[in-house]
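Here are my notes on this model, point by point. Please read them with the structure open.

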Amino acid sequence: MLNLDHHPSGRHFLQIPGPSPVPDRILRAMSLPTIDHRGPEFGALGRDLLTRIKQVFKTQHPVVIYPASGTGAWEAALANTLSPGDPVLMVETGHFASLWARMAGKLGLQTEVLAHQGDDPEFPSAPNWRRGVPADRVEQRLKADRGHSIKAVCVVHNETSTGVTSDIAAVRRAIDAAGHPALLMVDTISGLASADYRHDEWGVDVAVSGSQKGLMLPPGISFNALSPKALAVARTAKMPRSFWAWDEMVEMGRDGYFPYTPSTNLLYGLSEALDMLLGEGLDQVFARHQRWAAGVRAAVQAWGLPIQCADPAVYSPVLTGVITPPGVDADKLRQLIHQRFDLSLGTGLGKVKGRMFRIGHLGDSNDLTLLATLAGCEMGLQLAGVQLAGSGVQAAMAHFSAHPAPHVRVA
Ligand code: PLP
């Protein structure tokens with residue numbers, strides 16, 4: 001039960017990189033009465049959703065929707081396409097990539113972890129969590145696999161634990177340059193509907209996504225977008241699967257239905273989210289996120305703090321990881337900011353816990369929401385005794401003022 005004894009006035013600032021704030025329009029849509037998921041109304045809803053969601057993935061091929069969090073859709077991607085003991089190449093760019101690799105191991109796959117090594121002074125001998133997928137190393141590794149034993153290359157598009165967005169088209173080129181038949185599987189759980197993603201154009205075989213990030217829904221539904229090759233491979237893949245099996249889902253999805261009870265009210269929310277996102281236009285959605293990210297980075301740079309992503313070419317439009325100075329526990333700082341300003345920031349995950357915090361700038365946000373978020377961070381940093389080089393809020397204000405949002409017509 002939530003503690004309702006103390007209800008702070010005003011809105012809570014949920015600035016973690018997902019779940020992101022759910023717009024009132026979506027909350028209202030989800031409050032409609034639950035309907036019969038085998039009835040005619042549902043079929044119409046399901047057909048519409050399963051058609052329109054393809055536009056968000058930029059695919060012509062089937063998308064399946066699970067009543068599960070993103071982790072379930074990770075498992076579905078592996079279980080539908082692989083056989084026990086299959087070698088898989090898991091590229092570790094951060095905590096979520098490492099969790100997906102751990103899952104593959106638990107499922108009985110033979111995982112090989114590939115990563116940028118070194119050049120992070122703090123973790124010199126560990127996989128580098130400050131850079132994107134090293135496509136050149138993927139190519140080298142696949143070229144060396146002359147017998148084509150590796151069955152899949154798994155990468156995270158937007159690494160939510162660090163704020164690094166990898167170049168998926170470059171990974172596709174690397175696989176093609178090696179002439180290797182491995183499937184390309186991409187986790188775009190926090191990328192979809194915030195960062196540019198092109199399933200068909202980039203030749204992705206299986207994409208994994210979730211509801212609680214760019215789609216602006218509560219957690220609870222997740223997705224696999226498929227390629228014809230992934231569907232063909234699934235016919236002979238031997239990993240045990242039932243709940244996650246694509247065949248029945250794709251078959252029943254043609255008429256808009258599911259093999260089991262779907263999350264009806266979350267699907268109402270998805271319908272509203274698609275109205276919002278497709279109505280705005282995906283290019284506009286991506287540009288909005290890039291602009292916010294640049295404003296937030298201007299703030300972090302003005303504070304004089306390092307950004308977790310060390311390569312400007314792969315800065316995330318979705319979130320920014322901020323490294324705290326030595327001796328400043330990022331989790332204590334987050335706690336202080338939460339208590340004083342009712343603002344939630346993302347924790348450092350895995351090996352960077354306590355060393356950094358994450359500012360989410362995705363979904364239902366705007367310039368002033370982000371300026372307030374940065375003000376909360378700035379006050380918290382000062383209260384924690386951090387000597388700031390300058391005002392991040394001023395820098396972000398200057399950035400947002402100098403770069404009007406594309407939809408704003410300046411008279
Ligand atoms: N992958 C990425 C990139 C994520 O950001 C998350 C969650 O934040 C997950 C996987 C796991 O998804 P879930 O927590 O919805 O199961």
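1. Cis peptide. P19 sits in the loop between β1 (13-15) and α1 (24-30). Helices (H or I, at least four residues) and strands (E, at least two) are DSSP runs, numbered from the N terminus. The bond joining G18 and P19 is a cis peptide, with omega about -5°. Most peptide bonds are trans, and most residues other than glycine have a negative phi.

2. Basis. The model is predicted: local features need pLDDT of at least 70, side-chain atom pairs count only at pLDDT 80 or more, and totals for chains, interfaces and linings use all residues. Residues are numbered from 1 along each chain as its sequence is written, and side-chain values use heavy atoms, with hydrogens and water left out.

3. Positive phi values. Two residues other than glycine deserve a look. K58 has a positive phi of about 60°. K58 belongs to the loop between α2 (40-57) and β2 (63-66). K58 counts as partly exposed because its relative accessibility is 29%; the classes are buried (under 20% relative accessible area), exposed (over 50%) and partly exposed (in between), with a 1.4 Å probe and protein chains only. For H148, phi is near 55°, again positive. H148 lies in the loop between α5 (135-144) and β5 (152-156). H148 also counts as partly exposed, at 29% relative accessibility.

4. Salt bridges. The whole structure holds 16 of them, each defined as a side-chain nitrogen of Lys or Arg within 4 Å of a carboxyl oxygen of Asp or Glu. Side chains of opposite charge can pair when their charged atoms come close. K58 from the previous point belongs to a salt-bridge network with D196, R198 and E201. R198 is partly exposed at 27% relative accessibility, and D196 is partly exposed at 24%.

5. Pairs within helices. R52 and D48 are 4 residues apart in the helix, so about one helical turn separates them. R52 is buried, with a relative accessible area of 15%, whereas D48 is partly exposed at 31%. In α6 (residues 168-177), R172 and D176 are likewise 4 residues apart, about one turn. Their side chains meet in a salt bridge, also at 3.1 Å, N to O. R172 is buried at 13% relative accessible area.

6. Helix α9. Does the length of α9 agree or disagree with its residue count? It agrees: the 17 residues (264-280) should span 24 Å at 1.5 Å a residue, and the end C-alpha atoms are 24 Å apart. The expected span is 1.5 Å times one less than the number of residues. The helix is mostly covered, with 12 of its 17 residues buried. Among them are L266, L267, Y268 and L270. The cover includes α1, α2, β2, β10 (222-226) and α10 (282-303). Just after α9, G281 takes a positive phi of about 100°.

7. Domains. The assignment gives domain 1 (13-20 + 281-402) and domain 2 (25-279); the bounds come from an automatic or database domain assignment. Their C-alpha centres lie 27 Å apart. In contact (heavy atoms within 4.5 Å) are 34 residues of domain 1 and 36 residues of domain 2.

8. Domain interface. About 2,800 Å² is buried between the domains, 59% of it from carbon and sulfur atoms; this is the accessible area (1.4 Å probe) that two parts lose on being put together, summed over both. In domain 1, L282, F286 and K351 lose the most area to domain 2, together 24% of what that side buries. Which kinds of pair join domain 1 and domain 2? There are 15 residue pairs in polar contact, both residues at pLDDT 80 or more, and 0 salt bridges. A polar contact is a pair of N or O atoms within 3.5 Å; within protein, one must be able to donate a hydrogen and the other to accept it, and residues adjacent in sequence count only if both atoms are side-chain atoms. On the domain 1 side, α10, β11 (319-323) and β13 (356-360) each supply at least two residues. α10 gives the most, with 5 residues.
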